[in-house]
Structures are given as C-alpha cells and as structure tokens.
Amino acid sequence: QVQLVESGGGLVQPGGSLRLSCADSGVTLEYFAIGWFRQAPGKEREGISSISSIDGSTYYADSVKGRFTISRDNAKNTVYLQMNSLKPEDTAVYYCAAELAGFGGPDFAPDYWGKGTLVTVSS
C-alpha cells in the first residue's frame, strides 16, 4: 500500500534552488516520519533530513544544514525538501523514505523507500 514517489529533480546551476516532493497514493503520510537520503556515484548513501510524525521535529545532516528545509503539506499528502544554495557536491540521486514509528531524527529507520529522483548541480 505504501508507494512513495519522488519528483522535482533536474539540472540546476551552483547557487540555485530546487524543491523535491515525496507523495504517496496508498497511505496518509502524516502518520509516518519522512526522511530524505541521497547517494552520489561511487559514494555511500547519506541520510540528509527527516521530519517526525509525532511532534514535527526536524533533523538535518551537517552537509545540508542551513541550506535545505524539510516540510509537510498534509492536505496534499506530500513532504517537501527545499534545497537552496546548491553546490556541485549535492549532485546525487535523492530518495524519500517513510518510517512508521514516526520518530525520525538521526537514527531514522525507514520501512519504505521511493525509487529516487536525480539532482544534478552543474554550470
């Protein structure tokens, strides 16, 4: 029933902005903590942000803190990742993931994954 779909990836210049979306047609995402991960070619997967379903608290990895913002629009059953001041090193496939327990945070443990959307930051 959980079918996470990411959208919003594409090509952007350094210093630019992009907004990623994570939506689901089978479940109500407000009951899940939602996190974003990314993986660049030849590099390890990195958890970059999450938002709790319990209290709405957010987490950001040091690599994106101050530049990225995670948010929810429950009316649209969608979670967003606003990415500003993008750098070439942000280039990666970005994945949305859902945790039923709802805690999120740095120990976010996904139960479900989307298929990813590619973000390329280049001039």
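In which strand is the place of Trp36? In this predicted model, local features need pLDDT of at least 70 and side-chain atom pairs count only at pLDDT 80 or more, while totals for chains, interfaces and linings use all residues. Residues are numbered from 1 along each chain as its sequence is written, and side-chain values use heavy atoms, with hydrogens and water left out.

Trp36 lies in strand β4, which spans residues 33-39; strands are DSSP runs of E with at least two residues, helices are runs of H or I with at least four, and both are numbered from the N terminus. Trp36 counts as buried because its relative accessibility is 0%, where buried means under 20% relative accessible area (1.4 Å probe, protein chains only). Ser49 is 13 residues from Trp36 in sequence, and their C-alpha atoms are 5.3 Å apart in space.

The chain as a whole has eleven strands and zero helices. Its radius of gyration is 13 Å, close to the 14 Å from the globule rule for 123 residues, so the chain is as compact as a globular protein of that length. The radius is taken over C-alpha atoms, and the rule is 2.2 Å times the number of residues to the power 0.38. Along the principal axes, the C-alpha atoms fill a box of roughly 40 × 25 × 25 Å.

Of the 123 residues, 42% count as buried. Among contacts (heavy atoms within 4.5 Å) with a separation of 6 or more, 56% involve residues 24 or more positions apart.

Definitions and conventions:
Buried means under 20% relative accessible area, exposed over 50%, partly exposed in between (1.4 Å probe, protein chains only).
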